[in-house]
Amino acid sequence: MARPDPRGHFLDIDGRRMHVVPAGPPEAGPLILLEAGSFGFSADWAVVQERLAALGLRSLAYDRAGMGLSDPGPSPRDGVAVAHDLERLLAAAGEAGPYLLVGHSMAGLHNHIFAGRNRDRILGLVLVDAVTPAMGRDAQVTRYAGYYRRLAHGVAAVTAIGLFKPFTRWGDTIGLEGKARAHKRWAFADAGHNRASADEIAHWETAVGQALAAGPLDPAWPIAVVTAGVVRGASRLKDLQAAPAEAATHGHIDYVPRANHASLLGLAFADPIVDAIEQVLKAARSSPGL
């Protein structure tokens, strides 16, 4: 598949082009900042952005360095590098905050690091089937991360020689449509995207350490957790996922039993994420000092 045209536009940071996709009324409310998980990028959030825009809410999704349509960034591609890029990107966009952070999967670590570096600009968080720092140091998750790291490097190697190109129809496991679906399928077989994704996963342990070093989330921040049901034999990990919302003064937890880790973002199951964002906004607006 040919490299797609951008769904949004590009911003320049440090001589690099970063792809951003804004949605919703330009002057509306606080910015809802959407961070994709590993191997993910702005297209992952297309359904959520469309439904937020229909409610008059403003959001921004983007492609991290080297992923989607964004230019590669300097090494190492750890959590602090991701946070630094995002800070520069928001400055280039003229977005001073406050921000409602929404993160899927590994983006839970990215959100935690960014929030720790920008505490006075955070309105609240929505964690979507997300990894928390406490999960990151769990022995079971650490073993899985080692397997996933090897798998990611294998995917990068296979796509580098073009073996995934006949199978791009498998690239959308979320349940997207239109241009976003085409972008997701293109990225599935793109060597640069998969190489950058594998590089991020190679720095998993570093990102976990950086998230732990950022300190706990402020309990005054409203926090919602949306998770893809209760996985048999993994309730302990689901408890770790829910812990940030349970520790918050205003917490919201929603289990979506029929969704899986990817489809939670798509046409069939995105509504609980939108509802969680509305819950956090409502709590933030009623909380003095936020």
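Visitor: In which loop is Ser-105 found?
Guide: This is a predicted model, and Ser-105 in it has a positive phi of about 60 degrees although it is not a glycine. Its relative accessible area is 11%, so Ser-105 is buried. As for its place in the chain, Ser-105 is found in the loop between E5 and H3.

Visitor: What is the phi of Asp-129?
Guide: Asp-129 lies in the loop between strand E6 (122-128) and helix H4 (133-136). The cut-off for buried is under 20% relative accessible area, and Asp-129 has 7%, so Asp-129 counts as buried. Its phi is positive, in a residue other than glycine, and is near 45 degrees.

Visitor: How many aromatic pairs does the structure hold, and which residues form the pair?
Guide: The structure holds 1 aromatic pair.

Visitor: Is Asn-111 buried or exposed?
Guide: Asn-111 has its place in helix H3. Not counting residues up to four places away in sequence, Asn-111 touches Glu-35, Leu-101, Val-102, Gly-103, Leu-125, Val-126 and Leu-127. With a relative accessible area of 3%, Asn-111 is buried.

Visitor: What is omega for the cis bond that joins Ser-75 and Pro-76?
Guide: Pro-76 lies in the loop between E4 and helix H2 (79-93). The bond between Ser-75 and Pro-76 is cis, and omega is about -5 degrees.

Visitor: Which elements do the buried residues of H1 pack against?
Guide: Helix H1 covers residues 46-54, and its buried residues are Ala-46, Val-47, Val-48, Gln-49 and Leu-52. Just after H1, Gly-56 takes a positive phi of about 80 degrees. The buried residues of H1 pack against strands E2 (16-23), E3 (31-35) and E4 (59-62), and helices H6 and H10 (271-285).

Visitor: With which residues is His-153 in contact, leaving aside its neighbours within four places in sequence?
Guide: His-153 lies in helix H5 and counts as partly exposed at 41% relative accessibility. The C-alpha atoms of His-153 and Ala-198 are 5.5 Å apart, although these residues are 45 apart in sequence. The contacts of His-153 are Ala-198 and Ala-202.

Visitor: What accessible area do Tyr-144, Tyr-147 and Leu-151 have together?
Guide: Tyr-147 is found in helix H5 (residues 139-160) and is partly exposed at 45%. Tyr-144, Tyr-147 and Leu-151 form a nonpolar patch on the surface, and their accessible area together is about 330 Å².

Visitor: Which residues does Gly-171 touch, not counting residues up to four places away in sequence?
Guide: Gly-171 is found in the loop between H5 and helix H6 (178-188), and counts as buried at 9% relative accessibility. The residues touched are Lys-184, Arg-185 and Phe-188.

How values were computed. Residues numbered from 1 in each chain as written. Predicted model: local features only at pLDDT ≥ 70, side-chain atom pairs only at ≥ 80, totals over all residues. Heavy atoms only, no water. Phe/Tyr/Trp six-rings, centres within 6.5 Å; stacked < 30°, edge-to-face > 60°. Patch = residues over 30% accessible without salt bridge, like charges linked within 9 Å, V, L, I, M, F, W, Y side chains within 5 Å. Areas by Shrake-Rupley, 256 points an atom, 1.4 Å probe, with all protein chains shown as cover. Salt bridge = Lys/Arg side-chain N within 4 Å of Asp/Glu carboxyl O. Helix = DSSP H or I, 4+ residues; strand = E, 2+ residues; numbered from the N terminus. Buried < 20%, exposed > 50% of the residue type's maximum accessible area, 1.4 Å probe, protein only. Contact = heavy atoms within 4.5 Å.
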